[in-house]
Amino acid sequence: MDSSRSLCRILLLVLFGISLQYQCSASGIDANETALLLVNASEASARKMPDTLFGIFFEEINHAGAGGLWAELISNRGFESGGHKFPSSIEPWSIIGDESSVIVSTDLSSCFDQNKVALQVQVLCDNKGAKICPDGGVGVHNPGFWGMNIEQGKKYKLVFYVRSQESINLLVGLTGSNGLKKLATVVVVAANVSNWTKVEVLLEAEGTDPNSRLELRSTTKGVMWFDQVSLMPLDTYKGHGFRKDLFGMLKALKPAFIRFPGGCFVEGSWLRNAFRWKETIGPWEERPGHFGDVWNYWTDDGLGHFEFLQLAEDLDALPVWVFNNGISHNDQVDTFHVLPLVQEILDGLEFARGDPDSKWGSIRAAMGHPEPFDLRYVAIGNEDCDKTQYHGNYLKFYSAIKEAYPDIEIISNCDASAKALDHPADLYDFHIYDNASTVFSLANHFDGAPRNGPKAFISEYAVHGNDAGKGSLLAALAEAGFLIGVEKNSDAVEMASYAPLFANNNDWTWKADAIVFTSSQAYGTPSYWMQHLFKESNGATLLSSTLQANSSDSLIASAITWRNEIDDNEYLRIKVVNFGSSTVTLKISISGLEQNSFQSFRATKTTLTSTNVMDENSFEDPKKVSPVETMVEKVSENMDVVLLPYSFTSFDLLRKSIGIRTTTTASDLESSF
């Protein structure tokens, strides 16, 4: 019995060992899959992609412009916040002192017709007598958009309008958030300000604080009125008003176009709160501002129609203007009554493109830009195709614009990827927000789209919901797979842009976004860095490629040739997304080239991945998920490469050596701006 039991135990151990070995071996097969990518680099199979394929989309959402890209530091500078409500909300302005020493209220005494609200400050104390003002005086302060970033040695231009029946003695200053730390101080004394008087002051910071505030104080008893208070740093991009670090992050993407100013921001929940371009031009003091009721905050429209066109020009990107077509989320203008709105848009086109001696072109010229802007694309509305008045309104706008500007390409809101439009259009708009798996699978959506007629403008795409978090690797990989599908279908797709572009860390109305910022910091999410690997695709040549894999539903690849502007060399770029949990050995076979076409010492591999698919970047670790570039040691027409699980990998192979190219990292990309 004992010997039999021992023999049984030995047999069981052997069988268990064989089983365990088999399981480990099977696991190894699953974890190390193989795939074959065939690339035909011959000219006969190649196709040039549109110069406009990848760009960006700016919408006033998440305080992207007000308190973000637009460098104005004062929030509610005209005391108009609250819109039609009166008395107007002065938030975030606050009182310095108490009710026994100062009383603050609003009235309609401003000298500006379109924004009549002014702030009245009644100082009850004095610098002598029974009621002495506290040290430093009393008044009001403004913290900007969750704190002003004031930096030592930098200069800031303060402009405000003031009126008083008595002479004024103001202490104007920049301080820390509690008013104790003094960063810059100027005394403003004026004897005759009985009429509205413009005051300009240059403040030079003697310290740094990202949570600073502006103070207007007085120790003299009396009543003063203030209006249109502006504080701008002098070091904006080219003096055009754009915050340099955020502008630089956009410039680094090399966008072919910029769509603006929305989005739902264009429509408004109600037409009374829609974006109206005419109210956003001219002197900033005279712009009425408006309440963006979709995203629920006030904007003074310092970033207006002119500034958006200037932004596009500064980015070397084509402007794509989205305008309201008489439709909001909740009300519509009947087609019979829409012609005044049509004329408004024709005026807006003249403002952008008209001669400097034309009616609206002369206003543009007076704003400092006599040459016309290069406006070639307009979109009639946003997500309005299912609205009852859209088709009728659309045709009114389309006919009028084509008659006046036959070269302008017009974008319809209606999807034509599955069936033809019932109205004329040059492009059709397509939006996609969904979970990661769905977005990745939509890489094939345009395989069957018409090749004749209007092409697609994918003006808003992103992973949304739980998969996105605040900007996850998983989302970026799904979006990268989708964009590879866009490249492969670039004969049916002309333009694509991610959305939303910006998010102030204090206003996450919509998650996730490409760039997250505070008053003093900014970082790119994985989706932002993912887009860097597509910025050379504009105008590049798409090569024919075929992917053969056992699990092809988790792999997608494309191949292009592009010319590097820095070294003027031509590269073959292969991009592959591994959307699966297994490591893949990819066998690349390139045909259609002369032998020994590649320089082995000049090949690079760029990888976007992390230890967890839900990893995100943050202010504490801004490059946790960012591209890492390494050299590829052995390069030939037939080569094996390893694709990590849940990764986006790009290979750049030098075809014709002319100059010198250096290895780049995420830090190098940032240093360019």
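Tutor: Let's begin with what covers the buried residues of α2: the cover includes β3, α4, β24, β25, β26 (522-524) and α10 (526-532). The model is a predicted one, and α2 itself spans residues 244-251. Its buried residues are Leu246, Phe247, Gly248, Met249 and Leu250.

A closed barrel of 8 strands runs in the order β3-β15-β18-β19-β20-β21-β22-β23, with parallel pairing. From one strand to the next, the twist averages 25°. Val322 has Ala379 as its bridge partner in β19. Helix α4, which is among the elements covering α2, lies across β15 and β18 and runs at about 165° to β15.

As background, most residues other than glycine have a negative phi, and most peptide bonds are trans. His63 sits in the loop between β3 (54-57) and β4 (94-96), and its phi is near 55°, a positive value in a residue other than glycine. Asp316 also has a positive phi of about 55° without being a glycine, and this residue lies in the loop between α4 (305-314) and β18 (318-323). Are these two residues buried or exposed? His63 has a relative accessible area of 9%, so it counts as buried, whereas Asp316 is exposed because its relative accessible area is 63%.

There are cis peptide bonds to look at as well. One joins Gly262 and Gly263, with omega about 10°, and Gly263 is in the loop between β15 (257-260) and α3 (264-267). Another joins Lys511 and Ala512, with omega about 0°. Ala512 belongs to the loop between β24 (502-504) and β25 (515-517), and both of those strands are among the elements that cover α2.

Now for the nonpolar interior. In soluble globular proteins, nonpolar side chains tend to be buried together. Here the largest nonpolar core has 121 residues, and those with the most contacts inside it are Ile401, Phe502 and Phe648. Helix α9 (residues 473-488) supplies the largest share of this core, 11 residues. At least three residues of the core come from each of domain 1 (33-49 + 539-655) and domain 2 (54-69 + 248-523).

Leaving aside neighbours within four places in sequence, Phe648 is in contact with residues including Leu477, Ala480, Ile484, Met530, Leu533 and Phe534. Its contacts also include Lys575, Val576, Val577, Thr606, Thr607 and Leu608. Apart from this core lies another, of 39 residues, among them Ile74, Val193, Leu203 and Val229.

Two packed helices are described by the angle between their axes and the distance between the axes. For α5 (residues 339-353) and α7 (residues 390-404), the angle is about 35° and the axes are 10 Å apart. The crossing of α5 past α7 is right-handed. On the α5 side, the contact is made by Leu339, Leu341, Val342, Ile345, Leu346 and Leu349. On the α7 side, Lys396, Phe397, Ala400, Ile401 and Ala404 take part.

β1 pairs with β30 (residues 583-591) in the parallel sense over 9 bridges, and Thr34 stands opposite Thr585 in β30. With β27 (residues 541-549), β1 pairs in the antiparallel sense over 6 bridges, where Leu38 has Thr546 as its bridge partner.

Let's finish with Phe291, which is found in strand β16 (residues 290-292). Phe291 counts as partly exposed because its relative accessibility is 27%. Not counting residues up to four places away in sequence, Phe291 touches Asn273, Asn296, Tyr297 and Trp298. Phe291 and Val322 are 31 residues apart in sequence and 18 Å apart in space, C-alpha to C-alpha.

Notes:
Residues are numbered from 1 along each chain as its sequence is written. This is a predicted model: local features need pLDDT of at least 70, side-chain atom pairs count only at pLDDT 80 or more; totals for chains, interfaces and linings use all residues. Side-chain values use heavy atoms; hydrogens and water are left out. Helices (H or I, at least four residues) and strands (E, at least two) are DSSP runs, numbered from the N terminus. Buried means under 20% relative accessible area, exposed over 50%, partly exposed in between (1.4 Å probe, protein chains only). Two strands pair if DSSP finds at least two bridges between them. Axes are lines fitted to C-alpha atoms, for helices over the stretch in contact, and angles run from 0 to 180 degrees between N-to-C directions. Contact means heavy atoms within 4.5 Å. A nonpolar core is a set of buried Ala, Val, Leu, Ile, Met, Phe, Trp, Tyr and Cys residues joined through side-chain atoms within 4.5 Å. Domain bounds come from an automatic or database domain assignment. A crossing is left-handed if the near helix is turned anticlockwise from the far one by less than a right angle, and right-handed if clockwise.
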